[in-house]
Each structure stands twice: as C-alpha cells, then as structure tokens.
Amino acid sequence: MPIYEYRCLACGHITSQLVLKPAEAAQPVCKACASPQVQRLLSRFAYHRSEASRLAEFDTRATYGPDFYKDSRNVGLWAKKRAQELGVDLGPQFEETVEKARTGKILDEL
Ligand SMILES: [Zn+2]
C-alpha cells in the first residue's frame with residue numbers, strides 16, 4: 001500500500017497519508033494546520049535522487065525552511081544553481097569550498 005507524503009506550503013509540516021484508494025488521496029489537508037495547500041512529495045526515495053536532478057528542480061527564488069538546510073547535501077545547492085542560471089563556471093575550486101562548507105571545515109579557515 002503506498003504512503004503518500006505531502007508538505008504543507010503554509011507551515012511546512014509533512015503529512016503522511018496511507019492511500020487505500022487513489023481517489024481518497026485527491027484532496028489531502030495538512031494535519032498540523034488543516035491547510036489544503038499541500039504539495040505531494042514523490043516518496044522518501046526523493047531524498048536519494050542525484051544531485052543533478054535536485055539541482056534541476058531547485059528554485060533559487062523559493063524560500064526554503066531550516067529543515068531544508070539540515071540536509072547537508074543541500075548546502076551549496078543554491079549557489080550552484082544560481083551559478084548555473086547565470087552561466088558561471090564555478091570550477092573545481094568551488095566544489096572544494098562547498099565540500100568544506102558541508103563538513104564544517106570552512107569555519108576553521110576563516
Ligand atoms: Zn500546515
């Protein structure tokens with residue numbers, strides 16, 4: 001039985017819903033604030049997508065909550081996407097800097 005997950009666009013709460021029949025999943029609401037403004041998350045496997053696909057979907061104009069940045073793999077994603085949008089080649093130096101930021105090493109060098 002599939003479990004659908006929805007992220008509330010109003011409060012960010014993730015609501016899981018066991019879907020017995022697809023029709024019942026048509027109009028989910030946030031269990032925290034009852035907002036119908038929820039966005040379907042593809043699945044837990046979405047967290048294991050490649051960086052390339054996360055980068056492709058990443059919207060630099062969107063506001064991401066603190067939970068987003070708790071995933072260290074998302075650190076640097078914004079900068080990479082912006083650079084991509086601006087047509088800037090960041091080069092291997094940037095990759096290294098991001099890697100340091102992810103592991104917290106960058107703080108040692110400041
Ligand atoms: Zn909510």
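Cys 33 is partly exposed, with a relative accessible area of 38% (partly exposed lies between buried, under 20% relative accessible area, and exposed, over 50%; 1.4 Å probe, protein chains only). This is a predicted model, in which local features need pLDDT of at least 70 and side-chain atom pairs count only at pLDDT 80 or more, while totals for chains, interfaces and linings use all residues. Residues are numbered from 1 along each chain as its sequence is written, and side-chain values use heavy atoms, with hydrogens and water left out.

**Chain overview**
- The chain has five helices and three strands (DSSP runs numbered from the N terminus: helices are H or I with at least four residues, strands are E with at least two).
- Along the sequence these elements follow the pattern β-β-β-α-α-α-α-α.
- The chain has 110 residues, of which 25% count as buried.

**Zinc site**
- The zinc ion has as its protein donors the SG atoms of Cys 8, Cys 11, Cys 30 and Cys 33, lying 2.3 Å from it (donors are N, O and S atoms within 2.8 Å of the metal, or 3.2 Å for Na, K and Ca; water is not among the atoms, so sites may look incomplete).
- The site is tetrahedral, with angles of 105 to 119° among the four donor atoms (four donors count as tetrahedral if all angles lie between 85 and 135 degrees).
- The spacing of the donor residues in sequence is C-x2-C-x18-C-x2-C.
- Cys 30 is buried, at a relative accessible area of 2%.

**Nonpolar core**
- Tyr 4, Tyr 6, Cys 8, Val 19, Cys 30 and Val 38 form the largest nonpolar core (a set of buried Ala, Val, Leu, Ile, Met, Phe, Trp, Tyr and Cys residues joined through side-chain atoms within 4.5 Å).
- Strand β1 (residues 3–8) supplies the largest share of this core, three residues.
- Beyond its neighbours within four places in sequence, Val 38 is in contact with residues including Tyr 6, Cys 8 and Cys 30 (contact means heavy atoms within 4.5 Å).

- In helix α3 (residues 77–86), the buried residues are Leu 77, Lys 80, Lys 81 and Ala 83.
- Seen down the axis of α3, these residues fall within an arc of 160°, so they line one face of the helix (the arc is that of the directions from the helix axis to the C-beta atoms).
- Arg 73 lies in the loop between α2 (66–70) and α3, and counts as partly exposed at 33% relative accessibility.
- The C-alpha atoms of Arg 73 and Val 98 are separated by 9.6 Å, although these residues are 25 residues apart along the chain.

Technical notes: Tetrahedral: all angles 85-135°; square planar, octahedral: opposite > 155°, others 65-115°.
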